[in-house]
Amino acid sequence: MNHWIAPSILSADFSRLGEEIRNVLAAGADIIHFDVMDNHYVPNLTIGPLVLESLRKAGIECIMDVHLMVKPVDRLIGDFIDAGADIISVHPESTKHLHRTLGLIRQGGKQPGIVFNPATPLEALREVTGLVDLVLIMSVNPGFGGQSFIESSLRKLAGARAILDEAESDARLEIDGGIKATNIAAAARAGADTFVAGSAIFNTQDYATTIAEMREQLKLVDRDGSV
Ligand code: DX5
Ligand code: ZN
């Protein structure tokens, strides 16, 4: 199983953002998760396309997994495409026409993703399995780092995995919120292959040790054949 660890820069030191990203990639991260919040769709405010563009200009070439928590979302999609996003994920609640929004991302040559909040049913996923390259299950309510993992997300992950398998989709299945070395294996067993972790990585002294601990846990899942 090709597991990806995706540090969320929400918990990074923003005064040294480029350096933090280089450090976490050198420590073994696979991709970078870039949280965009607007103080409207979610009660917090973070960073936008200019910051992504600066990181690209500074030579950061990793896969950028942009999680948009903004409403309305369509107008910003072109900006993130131009800025250098690779994956762009949207919440169904942030757009009137989800099908069109996912199409905008695809037409821009990027990988579309759909995000489900803890109380949002998976029903819409059946309609868009052919349109998405990533399904993101929120295991906290979006808006802040450092919250506790909501256990019912494991059932949600398994449900999403079943829908993707039934549709023969090879979209990635990502989990976001409260992930750490002690619960990453449970998320993998439930079907996740991409793991966002913000505070669990950036709030530790040694990113490489933390990521290695997570990977050890994932290896155990591979070994016991539960995935
Ligand atoms: C929450 C964000 C997450 C957040 C995760 O709204 O979407 O990506 O940074 O942070 P942790 O891993 O600390 O829960
Ligand atoms: Zn996120």
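Histidine 33 is counted as buried because its relative accessibility is 0%, where buried means under 20% relative accessible area, exposed means over 50% and partly exposed lies in between (1.4 Å probe, protein chains only). The structure is a predicted model, in which local features need pLDDT of at least 70 and side-chain atom pairs count only at pLDDT 80 or more, whereas totals for chains, interfaces and linings use all residues. Residues are numbered from 1 along each chain as its sequence is written, chains are lettered from A and ligands numbered from 1 in the order in which they are written, and side-chain values use heavy atoms, with hydrogens and water left out.

The zinc ion (ligand 2) is coordinated by His33 through NE2, Asp35 through OD, His67 through ND1 and Asp176 through OD, at 2.1 to 2.3 Å; donors are N, O and S atoms within 2.8 Å of the metal (3.2 Å for Na, K and Ca), and since water is not among the atoms, sites may look incomplete. The site has six donor atoms with angles of 70 to 172° among them and is octahedral, a term applied to six donors if opposite donors are over 155 degrees apart and all others between 65 and 115. Along the sequence, the donor residues follow the spacing H-x1-D-x31-H-x108-D.

The largest pocket holds about 270 Å³ of space. Its lining comprises 25 residues, of which Phe144, Gly145, Gly146, Gly177 and Gly178 are the closest to its centre, and β2, β3 (64–69), β8 (194–197) and α8 (199–202) are the elements that give two or more residues to this lining. On a 1 Å grid over the protein atoms alone, a pocket is an open set of points with protein on both sides within 12 Å along at least five of seven lines, and lining residues have an atom within 4 Å of a point; the volume is the space filled by probe spheres set on the points, which are joined across faces, edges and corners. By class, the lining has 11 nonpolar, 11 polar and three charged residues, where Ala, Val, Leu, Ile, Met, Phe, Trp, Tyr, Cys and Pro count as nonpolar, Asp, Glu, Lys and Arg as charged, and the others, Gly among them, as polar.

Strand β6 (residues 134–138) is mostly covered, with five of its five residues buried: Leu134, Leu136 and Met138 lie on one side, and Val135 and Ile137 on the other. Strand β5 (residues 111–116) runs parallel to β6 and is joined to it by four bridges, two strands being taken to pair if DSSP finds at least two bridges between them; phenylalanine 116 stands opposite isoleucine 137 in β6. Strand β4 (residues 87–90) likewise has both faces covered, with Ile87 and Ser89 buried on one side and Ile88 and Val90 buried on the other. Strands β3 and β4 pair in the parallel sense over four bridges, and valine 66 stands opposite isoleucine 88 in β4.

Most residues other than glycine have a negative phi, and most peptide bonds are trans. The peptide bond from lysine 71 to proline 72 is cis, with omega near -5°, and proline 72 is found in the loop between β3 and α3 (74–83). Asparagine 39, in the loop between β2 and α2 (49–57), has a positive phi near 60° and counts as exposed because its relative accessibility is 53%. Glutamate 168, in the loop between α6 (153–166) and β7, has a positive phi near 55° and counts as exposed at 74% relative accessibility. By contrast, leucine 122, in the loop between β5 and α5 (123–128), is buried with a relative accessible area of 12%, and aspartate 193, in the loop between α7 (184–189) and β8, is buried with a relative accessible area of 7%.

Key
Tetrahedral: all angles 85-135°; square planar, octahedral: opposite > 155°, others 65-115°. 1 Å grid on protein atoms, 1.4 Å probe; cavity = no way out; pocket = protein on both sides within 12 Å on 5 of 7 lines; lining within 4 Å.
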